[in-house]
Amino acid sequence: MFFCNSRRDVMERKYDFKAIEAKWQAYWEANNFYKVTEDPAKPKYYDLEMFPYPSGNLHMGHVRNYAIGDVVARFKTMQGFNVLHPMGWDAFGLPAENAALKNNIPPAQWTYSNIANMKSQLKTLGISYDWDREIASCKPDYYKFTQWLFLKLYENNLAYKKRAAVNWCPSCQTVLANEQVINGSCERCDTNVDKRQLEQWFFKITDYAQRLLDDLEMLPGWPEKVKIMQRNWIGRSEGLEFSMDIEGSDEKLTVFTTRADTVFGVTYMVFAPEHPLVEKLVAGTAEEATVKDFVARIKLQSDISRTSTDVEKEGIFTGRYAINPVNGERVPIWLANYVLMDYGTGAIMAVPAHDQRDFEFARKYAIPIRVVIQGPDSPGAPEAMIEAYTGDGIMVNSAAFNGLPVEDGKKAVIKFMEEKGWGKGTVNFRLRDWLISRQRYWGAPIPLVYCPECGMVPVPEKDLPVELPLDVEFKPTGESPLNYVESFYKTSCPCCQGEARRETDTMDTFVCSSWYFDRFCDPNNSEMPFGETAVDYWMPVDQYIGGVEHAILHLMYARFFTKFLYDIKLLKCEEPFTNLLTQGMVLKEGSKMSKTKGNVVSPEEIINTYGADTARLFILFASPPERDLEWSDQGVEGSYRFLNRVWRLVMEYADQIKDVPLSDRHGELDDEARQVYFKTHATIKKVSDDIQERFNFNTAVSAIMELTNTLNAYRDNPAPNMAVVKEGIVNLLLLLSPFSPHITEEMWQAVGFADSIHLQKWPVYQPEALVQDELEIVVQISGRVRDRITVPASASEGDMRERALASDRIKPLLEGKTVQKVIVVPGKLVNIVAR
RNA sequence: GCGGGCGUGGCGGAACUGGCAGACGCGCCGGAUUUAGGUUCCGGUGGAGAGAUCCGUGGAGGUUCAAGUCCUCUCGCCCGCACCA
């Protein structure tokens, strides 16, 4: 056969991915390929993947994350952007301490050796990182500024300490933020979380609630899903806060309600059992003992049972009455488990007719129900109700307000209360302040000192970092070892120089990750967290890529930090991440890879067997990035076969096209060459659009495969047009290079180029290549395809219609029928409606 | 319960603004090369039918010359939130 010889030649230069990948990785590194600096002459592009926790090994989720990021980085670089693409380590955290206990290795050592291991694994992937910017949040030169930022927050009254009922994980022996409690259990170890009254550090994120909510509007590049989750988490609600007198007491009962319009329907009041007034109100009354018992019992209930809808509501009457200011009515004050201390004022007005929770409670304890909103089909009589009526309607039984519809009624009642001085319109948020202190060792120490004379004193900036001692002993008590390191906690007061004690709590790791993207802009600055010129040039991040599991936690905290840094004029942007891509999980056999399920595929093994280029290509080809990806060993082999096909195709032609000049004018082409030329440019267009507009890497890869198939088929041509072949191959390599950077680099060299493929410009398609003289169009009769005809591209609608009706296959089918209508879609189809 | 997403061949997935459903890949079937296996190459591959054709995008209706795509109802799966007053 015609190709026998050349094919054998090709076999001799097999695709040796191991050698090729090692060779080019070394070359790129030796030549500082991916090092970037600020260059005002070029447009910048900041491409960032969420930095990993150094658990020790790369998993497929990481590979997917970084493969996506690298395609973006390489694509943008080729388009002429100055691309910042850094990598680092979110290196503080509890696993290091657990490992220390288990294996008797200090957390620092464990962490650094994991980093070294993961870094070498990461390097085998051939991602275009500027490793000179590598950071690790556990290093003193980094956490110095985490502490510095803490001090800035403290100075601005955004960091404070308070005693509060907080989530405590008995297994991790530390407190947790609300965001870290999943269904009442610790997000890490699944242990049930209790509530404890402890002195803890908080960041006042609630001061930013409104801005965090409003500015979501400024993020069209974020998935709607994530924005909705954040909106829900922030949970803004507008309403009325007002106070009522308590009979026989000087104290007032203050409540928040979103249903001011139902205030005439109040039949009882409820305090949260933890409410500070409760003890005072029952002191010395007949109810004191039973109320105290009740409070003690409810406090024991975990948060899950308190906040779950299917737990039965229970309560107790306090013996006290409040006076409803709008009608002077005396209403009983209860305590109930369904009222939470940390939302609103910790007390509510109960309107059983129009609130389902109050309705259930009232029915259970035989408390009266009074209808004050009449809907078009709501039952008027309380006895007839089987559930609360929460729909629209008009106010009834509400004195001067009768007849007002719900929305107007709310406004009118608020206005009335404000005029009387009883209350005011307010806004409440579900978002709570961020609890950032942890009773753990492996974290950034909170830079604070307790002095018996001066009280709480922040560590002066010049004394930062407060270094974490590395020679600590882990005792199985679970307590932070910092409490036992005298050289750490024993210190002198910055104010009076007297003996003082350091704060031994450390910061939540989410604090470290709330500003690392700023640090990447200027990672070696020893004076400041980052320099102005660097962040002004690079920030905000143009494309952020990571798992959706951070939709609230990290992404909300990072937004908060950015706004704070904007306010203190360290940043000029108010939002850190312009575009966000939340990638799907990597699944095997339909479920998430996990050791317990035994369905883990190791990236190391895959890279060993098929190479990084294949691994990356498969991951990008198998599924669009936002969707979950089903891992398939056979699919990986398919990608490997494809790269081998490209290799053979290019290598077979390499010598023949080396000296063919690359031109974009081909003159007259025969049909087959013309097709190759067309396909080449159609592919450039499609791949560019798929990457740029939609991040649909899977369809981009399939287009590249199609071009490969076209070029392969053209090999059968006995007299090929080598200029067209060269153009096709050159573009094939350029388009494939962001996906599989090593093999394309090797082939680029083989076809005779001296410069790296990664320094080339992204190809631009020629519109004239896509112009076709003739088009194949579909001819339908009543919506069913009956023929395909070829028409000149210039054919008018009338022309197309005539040609379709004149078609040999169409004519007999129309016999005996009347053509009622003909629809012509230029360039696409003709539909003949006939009966 | 509320909010969001997804249902398309044996499988992963295409079909961007309503205009040829199933691109590309996997798998499978047949053939060539090979002593054989593997690799590679060629051809086929939604279902039914000998055929022209007919049926097909979770299900039922509807709008339209034309529906995977738009509308109404409905079923199933996944994710998030869940007494927030």
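What percentage of the contacts in chain A between residues at least 6 apart in sequence join residues at least 24 apart? The share is 72%. The points below concern a predicted model and proceed from the whole chain to individual elements.

1. Overall dimensions and content. Chain A has 835 residues, of which 54% are buried. The C-alpha trace spans about 105 × 85 × 50 Å along its principal axes. Its secondary structure comprises 28 helices and 32 strands.

2. Domain division. Chain A is divided into domain 1 (50-137 + 208-220 + 513-586), domain 2 (157-204 + 433-509), domain 3 (236-427), domain 4 (646-770) and domain 5 (774-834). Between the C-alpha centres of domain 1 and domain 3 the separation is 46 Å.

3. Pairing of β1 with β2. Strand β1 (residues 44-49) pairs with β2 in the parallel sense over 3 bridges. Within this pair, Y45 has V83 of β2 as its bridge partner. As background, strands of a sheet pair through backbone hydrogen bonds, either parallel or antiparallel.

4. D542 counts as buried because its relative accessibility is 16%, and the cut-off for burial is under 20%. Its side chain makes a polar contact of 2.8 Å with the side chain of K44. The D542 side chain also reaches the backbone nitrogen of Y46, at 2.7 Å. Leaving aside residues up to four places away in sequence, D542 touches K44, Y45, Y46, T578 and N579.

5. Helix α3. With 19 residues at 1.5 Å a residue, helix α3 (residues 60-78) should span 27 Å; its end C-alpha atoms are 27 Å apart, so the expectation and the model agree. Of the 19 residues of α3, 18 are buried, and the helix is therefore largely enclosed by the rest of the structure. Just after α3, G80 adopts a positive phi of about 100 degrees.

6. Length and ends of helix α22. The 24 residues of helix α22 (residues 671-694) should span 34 Å at 1.5 Å a residue, and the end C-alpha atoms lie 33 Å apart, in agreement. D670 caps the N-terminal end of α22, with a side-chain oxygen 3.2 Å from the backbone nitrogen of E672. Following α22 is F695, which has a positive phi near 55 degrees.

7. Packing of helix α22. Which residues of α22 are buried? They are A673, V676, Y677, T680, H681, T683, I684, V687, S688, D690 and I691. The buried residues of α22 pack against α3, α23 (697-714), α24 (722-736) and α26 (767-770).

Notes:
Residues are numbered from 1 along each chain as its sequence is written. Chains are lettered from A and ligands numbered from 1 in the order in which they are written. This is a predicted model: local features need pLDDT of at least 70, side-chain atom pairs count only at pLDDT 80 or more; totals for chains, interfaces and linings use all residues. Side-chain values use heavy atoms; hydrogens and water are left out. Two strands pair if DSSP finds at least two bridges between them. Helices (H or I, at least four residues) and strands (E, at least two) are DSSP runs, numbered from the N terminus. Domain bounds come from an automatic or database domain assignment. Buried means under 20% relative accessible area, exposed over 50%, partly exposed in between (1.4 Å probe, protein chains only). A polar contact is a pair of N or O atoms within 3.5 Å; within protein, one must be able to donate a hydrogen and the other to accept it, and residues adjacent in sequence count only if both atoms are side-chain atoms. Contact means heavy atoms within 4.5 Å. The expected span of a helix is 1.5 Å times one less than its number of residues.
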